[in-house]
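Open the model in your viewer and colour the chain plainly. The tour below goes from one selection to the next.

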Amino acid sequence: MTSGNTSTQNERRTGVGQVKEITSLSNPVIKDIRALSLKKNRDRMSSFMAEGLKLIIDALEQGWQIRTLIYSKAAKSNNGVEQAAAKTVALGGLVLEVNDKVLSAITRRDNPQMVCGVFEQRYIELGELHPKKDETYVALDRVRDPGNLGTIIRTADAAGASGVVLVGDTTDPFSLETIRATMGSIFAVPVARTDVDSFLKWHDGHNACLVGTHLAGAVDYRNIDYGERSTILLMGNEQAGLPPALAERCDKLAIIPQSGRADSLNLAVATGVMLFEARRHLLEVQG
Ligand code: SAM
């Protein structure tokens with residue numbers, strides 16, 4: 001991130017360290033943050049933005065690297081904000097106090113959250129994921145829709161899945177829309193990206209059951225023993241479904257029986273149905 005000094009920026013010491021007060025959209029730091037709306041800039045800076053104090057506190061607790069914490073003037077005396085700011089400074093990040101105009105421009109919302117953060121992107125290497133019994137992974141073939149991807153990451157988190165593998169050319173898990181849809185689960189679920197060949201090699205190297213989902217699937221998804229070994233649920237692209245090159249390598253090709261007039265389920269819904277069935281024997285009502 002650039003850190004610039006302009007006449008519209010003040011620096012002052014607070015209880016938590018150095019805070020820059022910025023009121024102008026032409027400030028270079030703000031320009032850099034706004035540039036994160038484009039994938040090429042997110043990739044160049046290896047950064048992404050997340051909104052909301054709770055989510056930022058969770059991310060910091062889970063060891064994500066924060067680069068910039070941005071909060072509205074109205075939130076400055078909030079305890080949580082002070083703690084997040086102190087942690088950001090301790091980690092070498094920048095803390096910005098901004099007005100509503102700047103916050104709206106950064107988040108592209110009329111009623112933005114009072115706090116947002118710029119974090120370093122993080123992918124896990126596929127080779128670091130070693131499926132074990134009672135673990136479930138979700139693999140997504142060319143997922144295109146940011147809302148679907150975010151919802152799937154959130155659902156994978158809720159179901160206790162161990163990771164999400166993006167196969168082929170997929171939508172960016174670090175876009176603002178995807179991050180919003182994850183509701184913070186981006187910080188909890190390991191995400192790997194790979195191509196078809198490496199994905200198949202990874203599966204071949206582990207004793208995991210590759211369960212593809214397909215409208216022409218031969219097996220009812222409720223008749224699979226998900227407790228035998230680890231499971232990799234492979235979901236097809238929104239428009240095209242699973243290509244033969246992937247479908248023919250699956251250990252099982254499952255279908256979720258439907259009635260009614262819909263041709264298929266939405267990808268995120270189908271993933272949720274599969275995840276909760278695959279982990280049914282492991283999930284219990286708490287308390
Ligand atoms: N036109 C696509 C096709 O013919 O496969 C529909 C794709 S569907 C919107 C996206 C993905 O969701 C599918 O590739 C599959 O992984 C999953 N899916 C949706 N409905 C399903 C069902 N009833 N049974 C199994 N998988 C399903």
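Domain bounds come from an automatic or database domain assignment. On that basis this predicted model is divided into domain 1 (6–120) and domain 2 (126–282). Give each of them its own colour. Their centres, taken over C-alpha atoms, lie 33 Å apart. The contact between them takes 13 residues from domain 1 and 11 residues from domain 2.

Next, turn to the interface. About 1,100 Å² is buried between domain 1 and domain 2, and carbon and sulfur atoms give 63% of that area. On the domain 1 side, select Arg42, Phe48 and Trp64: these lose the most area to domain 2, together 39% of what that side buries.

Between the two domains the count is two salt bridges, and five residue pairs are in polar contact across the interface. Now show α2 (39–45), β3 (47–51) and α3 (53–61), each of which supplies at least two residues of the side of domain 1 that touches domain 2. Of that side, β3 gives the most, with four residues.

Finally, centre on Phe119. Beyond its neighbours within four places in sequence, Phe119 is in contact with residues including Phe48, Trp64 and Phe187.

Key:
Residues are numbered from 1 along each chain as its sequence is written. This is a predicted model: local features need pLDDT of at least 70, side-chain atom pairs count only at pLDDT 80 or more; totals for chains, interfaces and linings use all residues. Side-chain values use heavy atoms; hydrogens and water are left out. Contact means heavy atoms within 4.5 Å. Buried area is the accessible area (1.4 Å probe) that two parts lose on being put together, summed over both. A salt bridge is a side-chain nitrogen of Lys or Arg within 4 Å of a carboxyl oxygen of Asp or Glu. A polar contact is a pair of N or O atoms within 3.5 Å; within protein, one must be able to donate a hydrogen and the other to accept it, and residues adjacent in sequence count only if both atoms are side-chain atoms.
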